[in-house]
Amino acid sequence: MDPTDGTTTLANSNTCIKEEPMDISDPPVINQKVDVALLKGTMTGKKILSKERPDDNARHLASTLTLEEQISLLAGSDFWRTVAIPSRGIPSIKTTDGPNGARGAFFKNGTPAALFPAGVSLASTWNLELMYEVGQHLAAETRARGADVLLGPTVCLHRSPLGGRNFESFSEDPYLTGKVATAYIQGLQKGGVGATIKHYAVNEQETWRMTVNCAVAERPLRELYLRPFEMAVRDAKPWAIMSSYNQINGTHGDMNDHTLREILRNEWKFDGCVMSDWTGTNSVAESIQVGCDLEMPGPTKWRGERVLRAVESGQLSREAVERSAGNVLYLIERVCRGKTDMTEPPERSDDVPERRELIRRAGAQGLTLLKNEGVLPIAADKKIALIGPNAKRAIVHGGGSASVKPYYTTTPFDGLQAQVGSELLYARGCDTNKWLPLVSDANLTTPDGVAGVIVEFYHGDMFKGSPAFVHHKSQTDLFLWDSAPMEVLPAYSFKVKAKLTPVTTGYHTFGFMTVGPGRFFINGELFIDNWDWTEEGEAMFDGSIDVIKSVHLEAGVTIDILVESTNEVRPMAKKSFSGRTHQYGGCRIGFQEEFKADLIAEAVEVAQQADVAIVCVGLDDEWESEGYDRSTMDLPKDGSQDRLISAVVKANPNTIVVNQSGTPVTMPWADEVPAIIQAWYQGQEAGNALADVLLGYANPSGKLPTTFPKRLADNPAYHNWPGENEQVVYGEGMYMGYRHYDRTGIEPLFSFGHGLSYTTFSYGEPTISSKKLSDAPPSNSLTVSVPITNTGSVAGAEVVQAYVHDPKSRIPRPEKELRAFARVELAPGETKWVHMALDKYAVGYYDTSLGAWIAEEGQFDVLIAASSADIRSKISFAVPESFTWIA
Ligand code: BGC
């Protein structure tokens, strides 16, 4: 019975009930059996005889389209696809997030996909061959989702440890980021899939992400924040780039003349397609004029008719429209190469053993051993206690658009249990949920008794008549961004219906958040009224806070749950503030039964019975996510994980802490425990990769791509984070990451580039191929070589780092900057030479007085290092005469 209208709600004839994974509207299969003119180098029968540039074909085709046709190409057709013009042989292509998997057309509950380690974990490997391999597999995954363009990699820098999306990007260092991104893009595009390097530019925080103005000086802009993009554009030629939401020195990323036209197009000669971030187009004429070619998602909000009028009124040039249409066509052409049929295939899974193996290997290589006083690896005969909130949870990715529905997941407990003979001891130790666990994790069924809930969609915002669509959903994180049926947009209402049977009697707690207005009923009675919410929370991009309320329930007594919500914009204040709507709608329903156990006491008891205790702590996709930043560097929640670790190590001195997070966390117990592994987010093989390293089947070789400070207050952005009144000043200038710690002498907890192994390495004397570097061949590049020996008894890999120090410069420069690195695998006793190339980019800085890069005449030192704080030797060379360049 529907308590609000007193009628039994039945599906009408229009209603479709689908079981997951078909619970989502099937992606439209676009019939594109068109004569793909682009692919054949022909246009209306005419062959282009001499092609001087690779994009000539696309540009020629653009020039033959009508203005209306050109304009139609400048915005998506739907959430993920471009517009097709079948009469002109132009197919639609499909994009998908990105970056550590190819999710497909649905944000939640989509087609199962391979989940790779998060960007920060990939960067911790410093392994460029591996990155290339990951790119190739991501290409296959993207194709399996029926898509042509992957929305990744993310290359924004780790400016503050609190950055909500740091996990998704690679490093605090632009050079490491640029190298990793380049290899990733090369692998991906080799597979025929376009990369979309993002978010261009200066997108280092999530707070006010759509509106914040990031004030950054020209030199750090060039030398730090644009550097990874510049390197990738030069060396990997990404087919697409995504502009950022934020403003850069007063202008949004999609309409920023300086970053888009002057630098990207004019200086770097980028020949690909610029697309806006999703709903991140902010103007009609300006964004096209400076070169933001494609508004995403579609259907258009800013283009179409409005662009036509802008051209007619002279606000926007026809050339700009044609140029952007040509850029979109060039992207389409690139992803279509080799295809004979442009019919979009349905999404499928492609869970193959080679990919599983790669993800496990990449995971193990990213694991970073921060400390080890003889406890690791764990011998096979030891009795192990696995403790902690993350021990039996699959913490595999951060939150937001980087998440996918993985083929499978592995937990630390399962991974370890599969490889050790004896039974593991286990204790949860504490809880860390930011929001209550989903009610779908409890004993929840649809009214018909199937696990999960029913979502009924109604046309309009009044729940009128019968539902137009009924979907089944297995879980209650009902973010309907791209999974509400297109047919009910723009205004719809929905009901969620389910039955819940508690396992225990007690005061049980529900959590309820909605994107639009919402109400929550239990047994027909209004339980939580969130209809006129005013306080914004963090989940679901602009949704309400989580409203928490407890109620006494009896074990085994089933209750009816009903949610009513709409995508109507409320409160009005919100609409006027951001000018956006809740078009996507949605709600999240959480639930937790009352419990009174002393979890830490249980953990201590278990630790005492074991030879070795492993405590799995950290963050998860609720604490670390797109959409918001962290508010503290401390482990959640309220110190419980820190208390747990201290209690366990007192009970068992052989305690290993495994921390899963994409960013540094404060470790007040770092001196108390003998071993710490930084485990990042490792994707679907997280548990197995961790077990491989804990047991010594894989020797850790990861090194930190980001500094771990002792305290939040030590980090360089501390005084300028996240800013105020939607303004943030990048006040630390050039001194970001280790550049800041070097300059201030503040000792971090673990330095950039630090990571231990189960073996040891010695560094021999370096040599240099030339003592001079100039801008003309053959002396425009030199090679530093150093012999590395594995002095231990097991095989291992070492990441050798080369930092350049400029002893004398006209303007202040960081103490040293990473300019080359090499990873070398060595058998016990083996020695290999590693070779690292340096060129003008290794010595240059951006001189704002010249508006150019300059390599200043003088001596430069190359510091050969095992980490930014562990310099092993030095070798020098000279630039005999200053020289400058633009790109
Ligand atoms: C994110 C992008 C993502 C896009 C599509 C945006 O909110 O910032 O990184 O690719 O959504 O999901």
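The legends below describe close-up views of a helix pair and a sheet in a predicted model. Local features need pLDDT of at least 70 and side-chain atom pairs count only at pLDDT 80 or more, while totals for chains, interfaces and linings use all residues. Residues are numbered from 1 along each chain as its sequence is written, and side-chain values use heavy atoms, with hydrogens and water left out.

**View 1. Packing of helix α5 against helix α6.** Helix α5 (residues 128-144) packs with helix α6 (residues 174-190) at an angle of about 40°, and their axes lie 6 Å apart; helices (H or I, at least four residues) and strands (E, at least two) are DSSP runs numbered from the N terminus, and axes are lines fitted to C-alpha atoms, for helices over the stretch in contact, with angles running from 0 to 180 degrees between N-to-C directions. Residues in this contact (heavy atoms within 4.5 Å) include Leu-128 and Met-131 of α5 and Lys-179 and Val-180 of α6.

**View 2. An open sheet of six strands.** The strands follow the order β12-β28-β27-β26-β13-β14 with mixed pairing, where two strands pair if DSSP finds at least two bridges between them. Because β12 (368-372) and β14 (425-427) stand at the edges with a single partner strand each, one side of each is left without a neighbour in the sheet. From one strand to the next, the twist averages 15°.

**View 3. Strands β26 and β27 with helix α17.** Strand β26 (residues 612-618) runs parallel to strand β27 (residues 655-660), and six bridges join them; Gly-618 stands opposite Gln-660 in β27. Helix α17 (residues 640-651) packs on the sheet, where it touches β13 (384-387), β26 and β27, and its direction makes about 175° with that of β26.
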